[in-house]
Amino acid sequence: MWNPTGLRAICLDLDDTLWPMRPTIERAEAALMAWLSEHAPATAAWLREPGRARAVRLAVQRDHPDRHHDLTFLRREAIRVALRQAGDAPALAEPAFEVFFAERQRVELYPDVRPALQRLAARYPLVAVSNGNADIHRVGLGDYFVGHVGAREVGVAKPHPGIYHQAVARARAQAHEVMHVGDDPVLDVVAARRAGLGAAWLNRHGRSWDEAVAPPACGCGGDMARALHAHVVQPQPHERPHAELTDLHALVRLLGL
C-alpha cells in the first residue's frame, strides 16, 4: 500500500475519471449532426453513410501527425473536410465545431466526484491533467482546481512526461510529492510513474490490471486520445499503480481526510 506521507498535491484526469466520456461525446456528436442537418444538410447526409465519419477522422489524423495532441484541431478539421467533400462551405466548420464544443462541456459527474473534490481541495492543490478538450470551468469544477494542464496548450499529450512536468510545476511541488489519479492504466498510471509521480488507478469497473493494460483487440472504445497515444507505451511488470481506487471516496479515505 502506498504511503501518502510527503504528498503535497494531486493531479486528476478528467474524461472517464470525473465523468463518463462516451455519453458526453455521443451527445456532442448528436448536437453537431442536428446543427449540420439545418445549416449544411448535404454534409449531414454525407456523414450518415456508414463508415464515412470514421474515415474522415482517420484521414485527418494521418495527414496531421504533428497535431495528435490537439483534439480540438482534429475535430474541427474533420468537420471542415466533411463539409468540403459534401460540397458545403468549409467556413461552416467554425460554428459547427462551437456547437459540438458547447455540448461537450455538458458532463454528468459520477456521484462521488463533487463531495470528494470538496474534501481533497480543502487539503491539497488539485491540478487537472487531460489529453481532451473539456474546460474545468465550463463543466462547473473550476473552483476546486488551482490549474488545468491540457495537451493542446502544452504541445504534448500523455504519456509524454512533459505534460506531467507542467502539472507538477503548476502545483508548485516536486514530482515525487505529487500523485496523479486517473482511469487509464497506460496514460495515467504507467506514464505518471515514468514522469516521477505517484500514480493511483481509478478502476471504477473492477477490471484486472492485466486485462486493463492489454492492447485492445479493436479500437479504444471511441477514446481518441487513447487510440492516438497509448500504443507508444509498453507497460512493464513493475509499473503497477501505487494505489487502486474504486471511486474518489476511496482516495479520500486513503488520505485520511
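Trainee: Leaving aside neighbours within four places in sequence, which residues is Val181 in contact with?
Mentor: Happy to start there, and keep in mind that this is a predicted model. Val181 belongs to the largest nonpolar core, where it is listed with Ile10, Phe145 and Leu248 as having the most contacts inside. Beyond its neighbours within four places in sequence, Val181 is in contact with Ile10, Cys11, Leu12, Asp13, Thr17, Ala200, Leu202, Leu245, Leu248 and Leu251.

Trainee: Which elements give two or more residues to the largest nonpolar core?
Mentor: That core has 32 residues. Its contributors of two or more residues include both strands and helices: β1, α6, β2, β4, β5, β6 and α12. As background, nonpolar side chains in soluble globular proteins tend to be buried together.

Trainee: Which strands are the edge strands of the sheet?
Mentor: Let's walk across the sheet. Six strands make up an open sheet with parallel pairing, and their order is β3-β2-β1-β4-β5-β6. An edge strand pairs on one side only, which leaves β3 and β6.

Trainee: What is the bridge partner of Cys11 in β4?
Mentor: Good one to look up in the structure. β1 pairs with β4 in the parallel sense, over four bridges. Within β4, Cys11 has as its bridge partner His180.

Trainee: What angle does the direction of α8 make with that of β3?
Mentor: α8 packs on the sheet and touches β1, β2, β3 and β4. Its buried residues are Gly162, Ile163, Tyr164, Ala167 and Val168, and they pack against β1, β2, β3, α7, β4 and α9. The direction of α8 makes an angle with that of β3 of about 170 degrees.

Trainee: Is Arg172 buried or exposed?
Mentor: Arg172 follows α8, in the loop between α8 and β4. Its phi is positive, near 55 degrees, although Arg172 is a residue other than glycine. The cut-off for exposed is over 50% relative accessible area. Because its relative accessible area is 70%, Arg172 is exposed.

Trainee: How does Asp16 count by its relative accessibility?
Mentor: Asp16 sits in the loop between β1 and α1. It is not a glycine, yet its phi is positive, at about 65 degrees. Buried means under 20% and exposed over 50%. With 23% relative accessibility, Asp16 therefore counts as partly exposed.

Trainee: What is the omega of the peptide bond from Lys158 to Pro159?
Mentor: Look in the loop between α7 and α8, where Pro159 lies. The peptide bond from Lys158 to Pro159 is cis, with omega near 20 degrees.

Terms used: Residues numbered from 1 in each chain as written. Predicted model: local features only at pLDDT ≥ 70, side-chain atom pairs only at ≥ 80, totals over all residues. Heavy atoms only, no water. Buried < 20%, exposed > 50% of the residue type's maximum accessible area, 1.4 Å probe, protein only. Contact = heavy atoms within 4.5 Å. Core = buried A, V, L, I, M, F, W, Y, C linked by side-chain atoms within 4.5 Å. Pairing = 2+ DSSP bridges. Axes fitted to C-alpha atoms, helices over the stretch in contact; angles between N-to-C directions.
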